[in-house]
Amino acid sequence: MDRKITRRDFLNGVALTVGAAMLPADLLAALDADPEKSPNYYPPALTGLRGSHVGSFEIAHSLRDGTFWDTAGKPADTGEAYDLVVVGGGISGLSAAHFFRKSAGSKARVLILENHDDFGGHAKRNEFRAGNRMLLGYGGTFSIESPAPYSAVAKGLISELGIDVAAYPRYVQKSVYRSQGLTPKIFFDKETFGSDKLVLNPSRHSAFDEAEMGEPSSDAWKKFLAEAPLSDEAKADFQRLHQAKKDYLPGLNSDDKKARLARMSYAKFLTDLVGVHAEVVRFYQTAPHGLFGVGIDAVSAQDAWGLNLPGFSGMNLDPTPGKGMNRDAIPNEEAEQYFFHFPDGNASIARLIVRRLIPQAIPGDSVTDVVTAKANYAKLDDTSSPVRIRLNSTVVRVKHAGDPASAKEVEVSYVHGGKLQTVHAAHCVLACWHVVIPYICDELPDAQKEALSSAAKVPLLYTNVAIKNWTSFQKLGVNAIYAPGCYHTQLNLDLPVSMGEYQCSHKPDEPIVVHMMKTPCRPGLPARQQHAIGRAELFRTSFETYERNIREQLARTLGEGGFDPARDIAAITVNRWPHGYAYEYNSLWDKFWLEGGVTPCEVARKPFGRLAIANADAAAYAYTDAAIDEAYRSIEEIKKRT
Ligand SMILES: Cc1cc2nc3c(=O)[nH]c(=O)nc-3n(C[C@H](O)[C@H](O)[C@H](O)COP(=O)(O)OP(=O)(O)OC[C@H]3O[C@@H](n4cnc5c(N)ncnc54)[C@H](O)[C@@H]3O)c2cc1C
């Protein structure tokens, strides 16, 4: 553990310290000119601090701080004119380009401007080399999955791309971990629970666990209670919570109970209504982190019921979703079956769309060969192509040329390679994060700007660690770990999927990717404040700190299986997403969500002149299908204006 860590985050440290003090002119000059043209340009293989990487956010932050235009100067006109300019190269922006071309024709000229060094937005591919093999990981979006069924539009795009969702069982190698006897476990840490201990997980919370391991055995609870480092009182309360069929709100009908539960946190439900020991609350505190980005102090009891957390079996709640219920917590059988995971997550969807838009940029022609295809980044922004994707380009201003009601074009200014320049567009889709839009689009009505600003996203950390073998997991009999008191609260061996020429790791002595997840938050505060604090924490934390925490956690969790971080870790990629999930409404904090009426996202996504607004934020729903649906709507609106 004490072996030296190289300061791979040196640049990050520099950017963070100078970023605040730098003038926009210095910021511009500090950026590389046209890095994408370098033959070695290949962002998926970069390790260290990724996600919102250094160089992607500084310009936007100087806009936010009101300093950008002080010294930025006048943008140079590139003379380029497009039928459509899209701001944001995530799945929504890429889908918007796709839908636009379907109606405007394949000769339509489209430019996509993206501030990161890669396309796909949250659908991010992480590549590693371990020995002589390539390992893939998902740096963001994990899979095709959504609590609600995909719409006809979203399903249509998925099948147009050639993805046969029903064929997924052909690719997932369910026997890999089962044949080794691996099961999900819980890591109790000594700071939170008094001792470090890995214990069988008696319940399955994620689709990942169920898809992989099947239902837990019937004596799993007995084993868990015998082994868990919990007090006798806490163990008795665990049993009561899971077994007693008690109605904790007697005398109310189901609707009234749900209304009460929607305004009460699950933590309060556990302490005030069920009356469980503090250790039980601590155990469940981080259970909803992966979906909500906050713990049970900020998630309603009604949502906890929808998520299948314990305590509701005697309450006779009508399974029809209740008012104000978060869509993440509404179970739907059709949606559950619509699941597909590529080895790089939904980055393959982004790559398949890019292949349609710019065939020369992604070689190959099948849905399986895209997994190993090496993208040619030099072809993304090629003058000969009707569709161009310009990476490392932060849009700083979007403005109609004249009165928005009658203007014939929009001017879009952006910074690329240290230069501030303008292109012209007949139409523009803003598929970027909604909180950015008020800073780049001054013309919008104030009420719309306010609604856009309220969509601050949920921060998340998705860490991928390439390790040389997984013998320690095999010795400990574990493939997935819930760690409620640790830095990363979830830790999984990669979901074993082989597709095309890509083979997942089959044997414990082969290299593999370990995926770790953290949601930075501050329990006890309202959800949005927790997200704001977590967002700042992600930007502030250096790679060195992330790496220390990763090494320490892996050593403590897997040490008894023989894991040695200095020996066994091949590479680390930390994908920080200070602006992660689209903010979903929460009945504890967003009173309108219970009361009905127009929601902020409906105000935020209104078209304005030649502008239309997409992104998953436009649906306040953090899923790929939302990104696609909102892209489709934005193009339908543009068609009406044409
Ligand atoms: C960690 C994580 C895991 C997820 N897992 C899943 C999952 O398993 N399944 C699922 O369905 N959904 C998942 N989601 C949600 C899903 O990824 C998103 O809903 C969807 O991909 C969002 O696509 P988007 O295009 O709307 O936004 P984004 O992917 O965020 O793309 C918007 C792009 O606009 C860019 N941009 C912002 N401002 C500017 C500017 N001024 N100039 C230029 N570009 C700009 C941003 O940098 C970004 O790249 C996950 C999200 C995260 C963060």
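Predicted model: local features only at pLDDT ≥ 70, side-chain atom pairs only at ≥ 80, totals over all residues.
Residues are numbered from 1 along each chain as its sequence is written, and side-chain values use heavy atoms, with hydrogens and water left out.

Y546 sits in helix α23, residues 543–558; helices here are DSSP runs of H or I with at least four residues, strands are runs of E with at least two, and both are numbered from the N terminus. With a relative accessible area of 1%, Y546 is buried, where buried means under 20%, exposed over 50% and partly exposed in between, using a 1.4 Å probe and protein chains only. If we leave out residues up to four places away in sequence, Y546 touches L49, L461, Y487, E537, L538, T541, V574 and R576, contact meaning heavy atoms within 4.5 Å.

Let me turn to the ligand, which is surrounded by 35 residues, the closest being N115, T141, W433, A616 and T624; a residue counts as near if one of its heavy atoms lies within 4 Å. Which elements each supply at least two residues of this shell? They are α5 (91–104), β9 (393–400), β12 (458–467), β16 (569–581) and α27 (624–641). By class, the shell holds 17 nonpolar, 16 polar and 2 charged residues, with Ala, Val, Leu, Ile, Met, Phe, Trp, Tyr, Cys and Pro taken as nonpolar, Asp, Glu, Lys and Arg as charged, and the others, Gly among them, as polar.

As for individual atoms, one oxygen of the ligand is 2.8 Å from an N or O atom in the side chain of E114, and a backbone N or O atom of H122 lies 2.9 Å from a ligand oxygen. A nitrogen atom of the ligand is 3.4 Å from a polar backbone atom of A622. Taken alone, the ligand exposes 1000 Å², and the protein buries 98% of that, by the Shrake-Rupley method with a 1.4 Å probe, where for residues only the protein chains shown count as cover.

My next stop is helix α10, residues 220–227, whose buried residues are A220, F224 and L225. Seen down the axis of α10, these fall within an arc of 130°, so they line one face of the helix, the arc being that of the directions from the helix axis to the C-beta atoms. The buried residues of α10 pack against β6 (183–188), β7 (197–200), α11 (232–243) and α14 (278–284), whereas the face turned away carries the exposed residues K222 and A226.

I will close with two backbone angles. Most residues other than glycine have a negative phi. N308, however, has a positive phi of about 75°, and N308 is exposed, at 65% relative accessible area. N392 also has a positive phi, near 55°, but at 19% relative accessibility N392 counts as buried.

Key:
Polar contact = N/O pair within 3.5 Å; in protein donor to acceptor, adjacent residues only side chain to side chain.
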